[in-house]
Amino acid sequence: MPTDPTAGAPAVLAFRPRKPVVIGILGGIAAGKSAVARMFAAHGLVLLDADEEAKQVADEPDVQREVAAAFGPHMLTARGLDRGALAALVFGDARARKQLEAIMHPRIRARLLARLAQAKANGDSVLIDAPLLLESGLIESCDLVVFVDTAPAVRKA
């Protein structure tokens, strides 16, 4: 019989400062950024997840056409982009990676900035979980930055 893991847990306090804040999250691969992001979101912050936005962008027909034109029609399947084939290509070829980034990153950034503006207009504080927070310039939108670090053995596990 399933149980409620929150039963008996203390109530989570909402984070509602008078002026909304934007917090960026940084850290290495497998450091626990997503887990920490979920903890912040549990306190009422709007979570802007660049990986989720990237999935939405990859599902856009114009993006799929542009990717197929750049890398070949075999990058498209009946269900959309062949993410495995695309990853295999771009992680082994810096030029191809830059080309894919040129297609995807401006759209991802635009989606994140639009969601950020909407959240701030609603008076909500925001957490930005973006692997390229520094490189994309999104850090300029942040009032604070949280760095997540984890021991190498934990990251490897």
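Begin by selecting glutamate 101 and arginine 97, which are four residues apart in helix α5 and therefore separated by about one helical turn; helices here are DSSP runs of H or I with at least four residues, strands are runs of E with at least two, and both are numbered from the N terminus. The side chains of these two residues meet in a salt bridge at 3.3 Å, N to O, where a salt bridge means a side-chain nitrogen of Lys or Arg within 4 Å of a carboxyl oxygen of Asp or Glu. Glutamate 101 is partly exposed at 21% relative accessibility, and arginine 97 is partly exposed at 30%; the term stands for values between buried, under 20% relative accessible area, and exposed, over 50%, with a 1.4 Å probe and protein chains only. Because an α-helix has 3.6 residues a turn, residues three or four places apart point the same way.

Before going further, note that this is a predicted model, in which local features need pLDDT of at least 70 and side-chain atom pairs count only at pLDDT 80 or more, while totals for chains, interfaces and linings use all residues. Residues are numbered from 1 along each chain as its sequence is written, and side-chain values use heavy atoms, with hydrogens and water left out.

The structure holds eight salt bridges, and the next one to select joins arginine 111 and glutamate 60, whose side chains meet at 3.5 Å, N to O. Arginine 111 lies in helix α5 and glutamate 60 in the loop between α2 and α3, so this pair ties together parts that are 51 residues apart in sequence.

Now move to arginine 83 and aspartate 59, whose side chains form a salt bridge of 3.1 Å, N to O. This pair also links distant parts of the chain, with arginine 83 in helix α4 and aspartate 59 in the loop between α2 and α3, 24 residues apart. Arginine 83 is partly exposed at 39% relative accessibility, and aspartate 59 is partly exposed at 43%.

Select helix α2 next, where Ala50, Glu53, Ala54, Val57 and Ala58 are buried. Seen down the axis, these residues fall within an arc of 140 degrees, so they line one face of α2; the arc is that of the directions from the helix axis to the C-beta atoms. They pack against β2 (46-49), α3, β4 (80-81), α4, α5 and β5. At the start of α2, a side-chain oxygen of aspartate 49 reaches to within 2.9 Å of the backbone nitrogen of aspartate 51.

Continue to α3, in which the buried residues are Val63, Gln64, Val67, Ala68 and Phe71. They cover an arc of only 135 degrees around the axis, which puts them on the same side of α3, whereas the face turned away from that side carries the exposed residues Arg65 and Ala69. After α3 comes glycine 72, with a positive phi near 110 degrees.

Which residues touch the most other members of the largest nonpolar core? Among its 28 residues, they are Val67, Phe71, Leu86 and Ile128; such a core is a set of buried Ala, Val, Leu, Ile, Met, Phe, Trp, Tyr and Cys residues joined through side-chain atoms within 4.5 Å. The elements that give two or more residues to this core are β1 (22-27), α2 (50-58), α3 (61-71), α4 (83-90), α5 (94-121) and β5 (126-129), and the largest share, eight residues, comes from α5. Centre the view on leucine 86 and, leaving aside its neighbours within four places in sequence, you will find it in contact (heavy atoms within 4.5 Å) with Val67, Phe71, Met75, Leu81 and Leu100. A second, separate core of nine residues includes Val21, Ile23, Val36 and Val148.

Finish at alanine 30, in the loop between β1 and α1 (33-41), where phi is near 65 degrees, a positive value in a residue other than glycine.

How values were computed:
A polar contact is a pair of N or O atoms within 3.5 Å; within protein, one must be able to donate a hydrogen and the other to accept it, and residues adjacent in sequence count only if both atoms are side-chain atoms.
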